[in-house]
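Please consult the sequence and the coordinates while reading.

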Amino acid sequence: MLKKCTKVLLGLSCLISFAHAQSSTEKNYLVIKPTDTPEDIVHKAAMLTPSARQLRWQQLELTCFFHFGINTFTGKEWGDGTEAPQLFNPIALDAGQWVKTAKNAGIKQVIITAKHHDGFCLWPSKYTEHSVKNSPWKGGKGDVVKEVADACKKYKMGFGIYLSPWDRNSPLYGTDAYNDYFVNQLTELLTQYGRVDEVWFDGANGEGPNGKKQVYDFSRWYALIRKLQPGAVIAIMGPDVRWVGTESGHGRETEWSVVPANNLDQNDITKNSQHDKIFKPEGDMRGSDLGGLDKIKNAKGLVWFPAETDVSIRPGWFYHAAEDDKVKSPEKLLDIYYNSVGMNSVLLLNIPPDKNGLINEADIQALQGWKKLRDETFKINLAANAIVQCTNGLHLNAMLDDNYQTYFTTRGNDTSAIITFTLKDAKTFNVLLLQENISVGQRVEKFMLEYWDGKTWIKATEGTTIGYKRLLRFPAITTNQVRLSISARLNPAIDAFGLYKQP
Ligand code: FUL
C-alpha cells in the first residue's frame, strides 16, 4: 500500500494516513486458525482488502445488463433451446445507442447476455450452429457481442459478458464434453473482443436437452479467465463478486464485504499463488447479515466477497412490448439506487433492447429522469466547507476533499470517534453520505448522525456498516452543526462525509 501511494506521489498526508490506519494485509482472503480468539478474528476481518479488480469494480457503482437474444423474439423469459435461429432479426440494431443510453444515465460498465439458458449465441461461435450466423440478421454475418464491445471502446465504458453455464440446446450438456465446449466458447469471448471487465456466471442450472444435469468445471473456467483476462471480475458463480441474494434491487442494511469462506484451507492458499483466489466461497450468502461477529467467529476462513445487486428496469429480464408501460419510474430507480449503491453494493440494472435492436423510448425516459434526480441531489455537498473537529482524529479534512486516496482515521489504537462538523450557515438536508476507504479495509460496524437544534443533540439517523458507500435518507433537518459517532473493528478509514438535499 505504501508503495502504491509513493508511486502516485500523493504526498505526505497519504503516507501518514496509511501508517496510522494499520496497513492492510493486501490480501482478499485468509485462513482462521483454531487458536484465534474472537478478537483475532475481528482484527483479521478488518485487515482484509479487495483485490485490484474488485476495487475497480466497486468504484464503478453503476453497471448494467443488456438481456437480449432469441427470447426477445419469442416473448419468453427462458427459452428451451428449440427456437429457430431464423427468428432472430433485429433490423435496426444499434449497440451504440444502448451503450450511449447507459452512459448518459451515469452507468460505467455493461454486460451483454452472449448466451442465455436457450444456448443461442449472439456471436458466430465456431462450436455451434445455434447462433446469429444462422439468422437472417446481416445475412448471417452479424456479431452482437462485437458491436457491443466496439461501442464500449468508443464510449469508454467497461465491457462484460454473461455466458449461461446452463445450455438447453447443446447436445453435449450433461457430459464431460460440455465443459470443453464451454471452455471453447469462453475462449472465443475472452480473445476476440478486446478487454473484458466482468464475466457473469448465472446460478440457474437445470436439465439439458437430453434431460441430464451438468457438473460444471468451474475451476477450469476461472483459471482460463485469470489467464486470458486477468482484470475481469468473475461474478455470481465465481470468486470475485457475490449475488446480493434478491432480484428486487434491495440490498442489506448491514452489508459486510468480508464474509466467511468455509471452503478455504491451507491447500487453497498454496494452490492460489500470488494472492489470487480462484475458488467460489461457499456458505450462507442469503441471510440478513453475512459478516457480523456471529457469522465470522466460527468461520474457517474469511474472504473479501462484495455484493452486486441485479434488478431489471422492467418486470422481465427480456424485452416484451406488453411491459412498455411497466418500466420502473425515475423515483423507483432512485429507491433502488439508495438501496443498492447506498448499501455497499454495485448496482447491475438490466435494460433490455427491443426486437428492433434498440432501447425503447420508455426506458430512455426513465433513465434520464433517474439521472436528473441523482444529479439534483448530489450536486452540492452542504458539508463541503465545514469546520471539522475530532479530539482523537487525524486528517479531518480528508473526508471533504473528494479524493479517494486520502481519509480520516483515528490516533493510536482508537476504534471509535465523535466528529463534529460546523457549517458556515444553517443548511437544510435530508441525505447522509458516508464512504470508507476500502483499500484499507471495511471497519465501521456502527454509526450515528446527530444534529444540534440550538439546545441539545438530536439523532438524525443511524446505521451499522458503511463499506464503499452508505446513503441514508431522513426527514429534512435545518442546522449548522452535526456530529457523527462511529465505532469500528479497527481504526476506521473514513473517506467521505456528505450532507445533501434531495428536492
Ligand atoms: C437468472 C436467470 O434465470 C434470468 O433469466 C436472468 O438472466 C437473471 C439475471 O439471472 O438466474
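## The loop between strand 10 and helix 12

V327 is located in the loop between strand 10 and helix 12. In this predicted model, V327 is classed as buried because its relative accessibility, 16%, falls under the 20% limit for that class. Between V327 and L348 there are 21 residues of sequence separation, and their C-alpha atoms stand 16 Å apart in space.

R314 belongs to the loop that connects strand 10 (307-312) with helix 12 (330-340). With a relative accessibility of 0%, R314 is likewise counted as buried.

## The ligand site

For D202, a polar side-chain atom is 2.6 Å from a ligand oxygen. The side chain of H67 places an N or O atom 2.7 Å from an oxygen atom of the ligand, and for the side chain of H116 the corresponding distance is 2.9 Å. Taken on its own, the ligand has 290 Å² of accessible area, and the protein covers 90% of it.

## Aromatic pairs and an aromatic cluster

A pair of aromatic rings is described by the distance between the centres and the angle between the planes. The structure contains 31 aromatic pairs. One of them joins W78 and W166: the ring centres are 5.0 Å apart and the planes meet at 85 degrees, so the arrangement is edge-to-face. The edge-to-face class applies because the angle is 85 degrees and the class takes planes over 60 degrees apart.

Where do W78 and W166 lie? W78 is in the loop between helix 5 (70-74) and helix 6 (95-104), while W166 is in the loop between strand 4 (158-163) and helix 8 (176-191); the pair therefore ties together parts that are 88 residues apart in sequence. The two residues fall into separate accessibility classes: W78 is partly exposed, with a relative accessible area of 48%, whereas W166 is buried, with a value of 3%.

One aromatic cluster is formed by Y173, Y178, Y181, F182, F201, Y216, F218, W221 and Y222.

## The charged end of R374

R374 is positioned over two aromatic rings. Its charged end sits over the ring of Y337, 5.5 Å from the ring centre. R374 also lies over the face of W370, at 4.2 Å from the centre of that ring.

Is E198 buried or exposed? E198 is buried, because its relative accessibility is 0% and the class covers values under 20%. E198 is part of strand 5, which spans residues 198-201. Along the chain, E198 and W57 are 141 residues apart, yet their C-alpha atoms are separated by 8.5 Å.

Notes:
Residues numbered from 1 in each chain as written. Predicted model: local features only at pLDDT ≥ 70, side-chain atom pairs only at ≥ 80, totals over all residues. Heavy atoms only, no water. Polar contact = N/O pair within 3.5 Å; in protein donor to acceptor, adjacent residues only side chain to side chain. Areas by Shrake-Rupley, 256 points an atom, 1.4 Å probe, with all protein chains shown as cover. Phe/Tyr/Trp six-rings, centres within 6.5 Å; stacked < 30°, edge-to-face > 60°. Helix = DSSP H or I, 4+ residues; strand = E, 2+ residues; numbered from the N terminus. Buried < 20%, exposed > 50% of the residue type's maximum accessible area, 1.4 Å probe, protein only. Lys NZ or Arg CZ within 6 Å of the ring centre and 35° of its normal.
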